[in-house]
Amino acid sequence: MCSSYKNPASLIQLSLETFCKFVNDEYIKPAFPLTYPPKYVVHFRDDIYLPETIAEKLLAAFCEKEILNCITATMFDSKTSRLRHVKGLKASQLLHDDLKIFCGHNLKVFHMEKSHIPANEVLAEMNEWTNNNLQVLNLSKCSISESFRRKYRYSVNLEKFRNLRELDVSFTEFHSHNLIAVVEDLQFLESLNISDSKVDCIAPLKKCSHRLKKLGLAGLQLMPIPQVFPFRAESPTDIVLSMTNLQHLDVSFDRSSRLLALELMENPEAGYVFRVIDAADKLPNLVSLDVSGQEFLNETALVSFVGAHPHLQFLGLIHTNVCDSAIFNPTDSRYRPHLKVAGTCNLDQIIITLKMCKRATYIQHCLYSLYSMSEVTMLGPRPDILELVVEKMRLYRNNASIQLASTACLYNLTKWGLNDDNNPNIIPQKLLVEAVSLTLDAMESFPNNFQLQKNALLTLCNDRILQDTPMDRFRCARLVLDSLCSFNSESTDRLCVAISSIVASKISSEETGKIGAVEHYMQKLLFIVRRKVYNLSVDPTLGFALSTLWNLSDESPRTCRVFLALEGLILFTEMLTKYKHNESVLTKILGLLNNIAEVEELRNALMNLEIIEPIRSFLKSNSIEISYFSGGVLAHLLTGGAAQWDAEKLPPYTVLLEELEGAILSWKQPNKEMVAYRSFKPFLPLLLSYETYQAQLWALWAIQHVLEAHGQRYSEMLIAEGIRKILQELTTREDIVNVVSSRAQVILDQLQ
C-alpha cells in the first residue's frame, strides 16, 4: 500500500491540507463561476516571505487540489516567495498575467501543460537568469502561436535556453524543422520527448545520438526513409539503435495512431518499432523500453533482447502479443524479478501499468483488464490498487472511457476491506473519501452514460460509505436522484432509492426541502410507488422509495406541499388499506403522514374519514411502531381543538383523545430504536398544547424513547433547543395532569 494513505501525515502536510481547504472555502468557492478578470485576487502580506521549499510545496498542493487559478496565482509573486521548480502547472484557469508571475522567478524547472495561452508568449516573459539556467522545460499539450511559428524556426522559441537538459514537447505542433534547430542549438540536451508531435522524420537526431539518454518517440507517424533532409538515408530504427548511451526509450503508440501511420506508410512492416526488439546487441545501457501497441512482436526476439540487456528494469508491453511470455513467469528459469513489465496478463503487470503508464488508451485497456480479473478472482481488500485507480480518475476526469472503467473497478475494490478494523489491509478513510468524491464527479460529468451511472451507484450503495464516510451528502442525493430520473431501469431504480433513502436522512432540513421541492424527483418516486401498488408488489425497491419520501418530507413543509400537489396523498390513502397487514410498508406510510401532520396549514388535507378511520384502527395495533406513528398523526391533528374538528364527518373528538391516551399508556419502551429525529422542533406545538394533554403525553413518550436509545446526542439537542425549560414548566404548573408531569420529571432525571 502506498505511504500517502497508510502513514500518518507530517505536520507540514496537515498544514498544507488545512491551508488549501481555507483558501478553497474562503476565496475560490465564493468566486465561482470564475470571471476573467476575476472579481478579486489573493496575495500574502508584504511582510511574509515563503522560502523555496515551502513555496514549492504550496504550489504543488494547489496544483493537486486544482485550486491554482487566476485568483490564487498572485500568492506566488516573486516579492513574497521564491520558486526554482514550477511543476504541474495546468494553465487552463490562468491568464497570461498569471503565468507572468511564475516567469518572474529564477527557474531551473518549468512544467506548463495544457495551456490555452501560446507557449511562446509565456516563454518570452522568462527573465535573463532563467534563460541561462533553465534545465527542464515541459510544454506537453500546450498551444503554439502561429505568428511565432512563421517568424522563428521553432514552433516555440527555445534557442535562448542554451543550458536545457530536458525538453518535453509531446502532443504539440513541434515538427521536423524544429527538431533540426533543437539538435543544433541545445548542445546539452540529454532528454527529449517528441511523442505525438508533428515530427515525421527523426534523422536530425543522428547528430546528438551520442549524448541522448532519454528519448520519447511514442505515436509518431514517421516516413520510412527521409526525402527532404540532408542526412544519409537511414531507417528510423537504425538511428535509434545507434544511440549507445540511451537509457530510456519510448517507441509505443496506441491503435488509433497506428492505423493512421500504416495508411501513410502503406507497408505494415516498415515501422521502426518492429525492429527495436530484434536488435539484441544494440542499446547496451537501456534501463527502460516501451514498445506497447505492437501486436506482432517476435517472442524469440524478445527473449533474446531481455537476456542481452541486464540493466533493463522496465518493459512496456501493453497491447502486444508477448506480455504473457513464459519469461515473465516466476517459475521460469529466465525470470528476472527486478524487471517490471507493463501489460495486462496478470495483476502484477496491471499494477505496473497503472503506476507507469500515462497514455489514456492504455490506461483504459488496463482498467478493463483489472475489472475482468476482479470479477472472476476474489482480490480481497487492496488499498494499493484502489489508490492507483483513484489517481487515474483524478488525472483523467474528462475522459469518459477511463471514468467508465474506473467506476467499474471501484465497485469491486470497495466491496472488501471496509468494515473489518482488524484487517491490516483495511481501506483508509482518506482514500475512501477521495474515491467517493471522484465517483460523484464522474456522475456529474457524464449524466447520460447509463453504465457509468450504474457503476457509480453500485459503489455508493455500501453501508460504510453511506453511513460513516465523510462526503457531500446533499450533492450525492441530488446526483442519485438525477440518475433515477434519467433512466427507466429496475436495477438502477433499486440502487437509487436505496442510496437516497439513507443520504436523505443525513442532510439538513433545508437541504431536504431543496431536493424534495424538485417536482420531477417527486414524480419519479411516486411513479415507482404507484407501479408497485398497481402490481400489489412488496419488494426492497418499494421500501426504499417509501423511506426516501419519508426522509425527504421530514421537517420539510416544501416537500410535503409538492407531495400533496402531485396527488401523493391519494396514493397513500389507497395504500393504507392495501398494505394494512404489512408492518414495514405501513410504518413508512404513517411516518410520512406524521411529517404532513406536523405542518399546521397542511393538516386539513388529512381531515377525512378515509385517513382518520384506518389510523384510528392502527392505534390499537399490537405493533408498537404502527401504534406509535398512528398516535403521532392523531396527536398533531387533535391539537387544533374541538372547535376545528368536523364532528359530522369525523369520529368524535373526545373519543379519539381517550383512545390516544389509552394507547400511549399501554406502550412499553421497545428494545430497539424505532425512529430518529433531526430536531425536537416539531414537538414544541405538542408540548405547549396545554388543552390537549394527550398530545403532550405522546411527545413525552417519544422523547423518552430516543433518550434511552441515544442519551448523549438527544440530551444535548433537548438543552440546545430549549426543551428542558418546557419540561421543567410541565413539572411545576398546577394545571398539568399527573401523568404528564410525572413523565416530564422522568425525562429531566435522565438529563441530569
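Colleague: What makes the backbone oxygen of V497 and the side chain of T548 a polar contact?

Modeller: The backbone oxygen of V497 is 3.2 Å from a polar atom in the side chain of T548. A polar contact is a pair of N or O atoms within 3.5 Å; within protein, one must be able to donate a hydrogen and the other to accept it, and residues adjacent in sequence count only if both atoms are side-chain atoms. The 3.2 Å is within that limit, so the pair qualifies on distance. This is a predicted model, where local features need pLDDT of at least 70, side-chain atom pairs count only at pLDDT 80 or more, and totals for chains, interfaces and linings use all residues. Residues are numbered from 1 along each chain as its sequence is written, and side-chain values use heavy atoms, with hydrogens and water left out.

Colleague: Why is T548 called buried?

Modeller: Its relative accessible area is 0%. Buried means under 20%, exposed over 50%, and partly exposed in between (1.4 Å probe, protein chains only), so T548 is buried. T548 sits in helix 23 (residues 540–553); helices (H or I, at least four residues) and strands (E, at least two) are DSSP runs, numbered from the N terminus. Not counting residues up to four places away in sequence, T548 touches V497, S500, S501 and L525, where contact means heavy atoms within 4.5 Å.

Colleague: Why does R616 count as buried?

Modeller: R616 has 18% relative accessibility, so it falls under the 20% limit. R616 belongs to helix 27 (residues 609–618). Leaving aside neighbours within four places in sequence, R616 is in contact with P651, V655, L656 and E659.

Colleague: Happy with that! Now the rings: how many aromatic pairs are there in the whole structure?

Modeller: A search finds 20. One of them is F22 with Y27, 5.8 Å centre to centre and 85° between the planes. Rings of Phe, Tyr and Trp (its six-membered ring) pair if their centres lie within 6.5 Å; planes under 30 degrees apart count as stacked, over 60 as edge-to-face and the rest as tilted. The 85° is over 60, so this pair is edge-to-face. F22, at 39% relative accessibility, is partly exposed, and so is Y27 at 29%.

Colleague: Why is the pair of F62 and F76 edge-to-face?

Modeller: The centres of F62 and F76 are 5.6 Å apart and the planes stand at 90°, so the pair is edge-to-face. F62 is in helix 3 (residues 52–65) and F76 is in the loop between helix 3 and strand 1 (85–90), 14 residues away. F62 is buried at 0% relative accessible area, as is F76 at 0%.

Colleague: How do you know that R84 sits over the ring of W129?

Modeller: The charged end of R84 is 4.7 Å from the ring centre of W129.

Colleague: What makes strand 1 and strand 10 (340–342) edge strands?

Modeller: The open sheet has 10 strands in the order 1-2-3-4-5-6-7-8-9-10, with parallel pairing. Strand 1 and strand 10 each pair on one side only. Two strands pair if DSSP finds at least two bridges between them. Strand 8 (residues 288–290) and strand 9 (residues 314–316) have 3 bridges, so they count as paired.

Notes
A charge sits over a ring if NZ of Lys or CZ of Arg is within 6 Å of the ring centre and within 35 degrees of the ring normal.
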